[in-house]
Amino acid sequence: MRLSLIGAPTDVGASVAGCRLGPGALRVAGIGAALEALGNEVRQVGDLDGPPNPQQPPVDGYRHLDEVIAWNTALRDAVAAELADGRLPIMLGGDHSLAIGSISAVAAHCRAVGKKLLIIWVDAHADINTHEMTPSGNIHGMPVACLLGHGPDELTGLSDQVPAITADQIHQVGLRSVDPGEKRFLAESGLAVYDMRFLDEVGMRRAMTRVLASVGEDTHLHLSLDLDFVDPDVAPGVGTPVVGGPTYREAHLVMEMIADTGRLGSLDIVEVNPALDVRNRTAELAVDLAESLFGKSTLLRITDLDNPPRG
């Protein structure tokens, strides 16, 4: 595959500073070499430029709105350029507000080429707050709402239409920290949500089978991977850890099942915070997960999971 690594070193949308160092940590963990070792051709786009984190309080319910707009606009353009060149863009974040820009570009691309878009949003949080109901004003808690058309025009208008996506195009997996207003919003919007209780009751494999049920030859899969999706015992280097998340093996199963489809078209890796990490463990986990996502497996990969090979 022809992959492009795009660094977005900012934490302007985050609650805790530090994930601006995430792209560097992922490179130190060897993400480029790991993906090349799997037979991919990797283009190093480098890091985007943008405004620094001013560390200011919210204004009208948004923290650092101008800075978030600038970063997302730059990222939207960078992702669009790589997609137009027939490449698979991998955004190395940075905080999760950046998904507004990356997915806005992906959605516009899918409409232009006639692809069906399916977004898999793996995260401990729903990220569907608005400025009226946010408890913090941090925009990394708002990207899903903005993509669905609820937010400032400068963010909701980054794609070729408003809203950039519709609720049926996104599936959220791993939620376990949802604000009261978000609970109502999720119920009203009709998003497909596989929270930790659902995963506990039915298991990760059955959940992901449901998530991927509609994938076909005309599907563009976008994975937005927030590392706080994984339990903090496994991924300690995140700004907003929430206990009780998926295990190391469950996280890999998600990646492997996505890889089995052969339809991954774009990827976000966000919220790696080296300032809170232990010996770069979380960045190394992200690289491990990326390897599974691009085909690394113990045995020859199969698609008939009910009839595994005997060995």
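Okay, let's start with helix H10, residues 248–261, and helix H11, residues 281–293: they pack at an angle of about 35°, with their axes 7 Å apart. This is a predicted model, by the way, so keep that in mind throughout. The crossing of H10 and H11 is right-handed. If you want to find the contact on screen, look on the H10 side for Tyr 248, Ala 251, His 252, Met 255, Glu 256, Ile 258 and Ala 259. Those meet Leu 285, Asp 288, Leu 289, Ser 292 and Leu 293 of H11.

Together with strands S7 and S8, H10 makes a right-handed β-α-β unit. So let's go to those strands.

S7 covers residues 219–226, and eight of its eight residues are buried, so the rest of the structure largely encloses this strand.

Who are the neighbours of S7? Strand S4, residues 116–122, runs parallel to S7 and is joined to it by seven bridges. To get your bearings there, take Lys 116, whose bridge partner in S7 is Thr 219. S7 also pairs with S8, residues 264–270, again in the parallel sense, over six bridges. Here Leu 221 stands opposite Leu 264 of S8, and Asp 226 stands opposite Val 270.

S8 is mostly covered too, with seven of its seven residues buried. Strand S3, residues 88–93, pairs with S8 in the parallel sense over three bridges. Leu 92 is the one to look for, opposite Ile 269 in S8.

Back to helix pairs for a minute. Helix H3, residues 65–84, packs against helix H4, residues 99–113, at an angle of about 35° and with the axes 7 Å apart. H3 passes H4 in a right-handed crossing. From H3, the contact is made by Asn 72, Leu 75, Arg 76, Val 79, Ala 80 and Leu 83. The H4 residues in that contact include Gly 101, Ser 104, Ala 105 and His 109.

Last stop is helix H7, residues 180–189. Which residues of H7 are buried? Gly 181, Glu 182, Phe 185 and Leu 186 are. Looking down the axis of H7, those buried residues fall within an arc of 135°, so they line one face of the helix. What covers them includes helix H5 (143–147), strand S5 (170–173) and strand S6 (192–194).

Key
Residues are numbered from 1 along each chain as its sequence is written. This is a predicted model: local features need pLDDT of at least 70, side-chain atom pairs count only at pLDDT 80 or more; totals for chains, interfaces and linings use all residues. Side-chain values use heavy atoms; hydrogens and water are left out. Buried means under 20% relative accessible area, exposed over 50%, partly exposed in between (1.4 Å probe, protein chains only). Helices (H or I, at least four residues) and strands (E, at least two) are DSSP runs, numbered from the N terminus. The arc is that of the directions from the helix axis to the C-beta atoms. Contact means heavy atoms within 4.5 Å. Two strands pair if DSSP finds at least two bridges between them. A crossover is right-handed if, with the strands pointing away from the viewer, the path from the first strand over the helix to the second runs clockwise. Axes are lines fitted to C-alpha atoms, for helices over the stretch in contact, and angles run from 0 to 180 degrees between N-to-C directions. A crossing is left-handed if the near helix is turned anticlockwise from the far one by less than a right angle, and right-handed if clockwise.
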